[in-house]
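Reader: I am new to this structure. Please walk me through it in short steps.

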Amino acid sequence: MIESTAAIDENAHWVDALTGIGLGDEARAPAPDLALFFASPLYPDLPNLVDQAFRRSAASVMVGCSGHGVIGLSREVEGGPALSLLNLMLPGTELYPKHIEQEEVAGLRSPAQWREWLGAPADRVNACLVFSDPFTLDTEDLINSLAAAYPDRPIMGGLASGMPERRGTWLFLNDEVYRSGAVVVGIGGAYTLRAVVAQGAMPIGRPWTVTAVQRNVIQTLGGRPALDVLHETLESLPADLRQRASRNLLTGLAMDEGKEQLAQGDFVIRNLVGVDPDAKAIAIGAMPQVGETLQFQIRDADAADEDLRRQLAAAREHLGTTEVPGALLCTCNGRGVGLFGTADHDAKAVAESLGTVPLAGFFCNGEIGPVGGKVYLHGFTASLALFV
């Protein structure tokens, strides 16, 4: 059986970087069924770069996006020029690639319309990959619609990232580059995806019920002013933890309201985006509802490392002798060196747990992956999709 391959290259000139990942002047042989391709936005002329990559890969389908950082086997390149490529040999697989804009997302109303758009009935799709632009598309609406059309299927991927000082990203589908919307690939036939989703935050204080909210502004928690609850939560922490929390404060919304004891991994992590001292309210990067459970969180390297290694160990045990021809790693821009203090953390953890499984990925503006059978758009998370 012909094996899948992966490569990453940091050459500042993209012609040489293409050669470095195995895409010289000649078309690749044998041709992969699916190529996942990620590129730094620092390279000039991305449309030409993507066109050359698709032509030389000879892949049946090539998808990917720009990433402020790109990932390969045991390596993460943040903030510098780099290309990453995963050539997947997936015999017996059916692929349904599409690009979509926000207007189409809003116009497709029913699961049947979504299946017609993708061109695949429910029983022909085992999983979906999604790469989206965070500035022009409502990704949560997209993945929820796909989940309704293809229930109980893993939906994985991430929000593309670009240069921090500029608004905008690039999405790749075969030889085309898009500056808006999303790229979706339905995966059917012989292969599907197994998800490993690990968070980078640790709960602090206690859970609270949202009791008054307007859009993303929470006015009261447990019937008390939300800002008072936040101040009391911080004051209750030990001095060293309080200092860390002041620089790394986040919020978490419980994914399962029926769970009695909430712990790390039970929350969808969202940014705390502002406070209103006069109204004693807080604003978060989500639209919570009255009755939802919120717990404050802090970005924490030790907790992130522990959760990732725990999730990888569970996946390895579950897989047993199952072949994994390749993997996609989508990790948050808030992880990497900025969180762990050293490079390559998540990529190395995957390699240490799963061995030399060919891998590619990128640093995201948000990560897509299922938890407890429901798909979420996460933050500060490492979302690993294993092809099985």
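**Inside, outside and helix packing**

Author: Glycine 158 is buried, with a relative accessible area of 0%. Buried means under 20% relative accessible area, exposed means over 50%, and partly exposed lies in between (1.4 Å probe, protein chains only). This is a predicted model, where local features need pLDDT of at least 70, side-chain atom pairs count only at pLDDT 80 or more, and totals for chains, interfaces and linings use all residues. Residues are numbered from 1 along each chain as its sequence is written, and side-chain values use heavy atoms, with hydrogens and water left out.

Reader: Which strand holds glycine 158?

Author: Helices (H or I, at least four residues) and strands (E, at least two) are DSSP runs, numbered from the N terminus. Contact means heavy atoms within 4.5 Å. Leaving aside neighbours within four places in sequence, glycine 158 is in contact with residues including Val130, Phe131, Cys330 and Ile368. The run that holds glycine 158, residues 155-159, is strand 9.

Reader: How many residues are in the largest nonpolar core?

Author: A nonpolar core is a set of buried Ala, Val, Leu, Ile, Met, Phe, Trp, Tyr and Cys residues joined through side-chain atoms within 4.5 Å. In the largest one, Leu34, Leu36, Phe38, Val63, Leu129 and Phe387 touch the most other members. Beyond four places in sequence, leucine 34 is in contact with Val61, Leu86 and Leu95, among others. The number of residues in this largest core is 33.

Reader: How many residues does the second, separate core have?

Author: Its members include Cys128, Tyr150, Leu159 and Ile368. The count for this second core is 24 residues.

Reader: At what angle do the axes of helix 4 and helix 5 cross?

Author: Axes are lines fitted to C-alpha atoms, for helices over the stretch in contact, and angles run from 0 to 180 degrees between N-to-C directions. Angles under 35 degrees count as roughly parallel, over 145 as roughly antiparallel, 65 to 115 as roughly perpendicular and the rest as oblique. The axes of helix 4 (residues 111-118) and helix 5 (residues 139-149) come within 8 Å and cross at roughly 95 degrees.

Reader: Are helix 8 and helix 10 roughly parallel or roughly perpendicular to each other?

Author: The axes of helix 8 (residues 301-319) and helix 10 (residues 345-354) come within 10 Å. They cross at roughly 30 degrees. Helix 8 and helix 10 are therefore roughly parallel.

Reader: Which residues of helix 8 make the contact?

Author: Helix 10 brings His345, Asp346, Ala349, Val350, Glu352, Ser353 and Leu354 to the contact. Helix 8 brings Asp305, Leu308, Arg309, Leu312, Ala313 and Arg316.

Reader: Where is aspartate 45?

Author: Most residues other than glycine have a negative phi. Phi of aspartate 45 is near 55 degrees, a positive value. Aspartate 45 is partly exposed, with a relative accessible area of 44%. Its place is the loop between strand 2 (34-39) and helix 2 (46-57).

Reader: Is arginine 215 buried or exposed?

Author: Arginine 215 also has a positive phi, of about 50 degrees, although it is not a glycine. It is found in the loop between strand 15 (208-214) and strand 16 (217-221). With a relative accessible area of 64%, arginine 215 is exposed.

Reader: What is the relative accessible area of asparagine 248?

Author: Asparagine 248 lies in the loop between helix 7 (239-247) and strand 18 (249-254). Beyond four places in sequence, asparagine 248 is in contact with Gln297, Ile298 and Arg299. Asparagine 248 is buried, with a relative accessible area of 16%.
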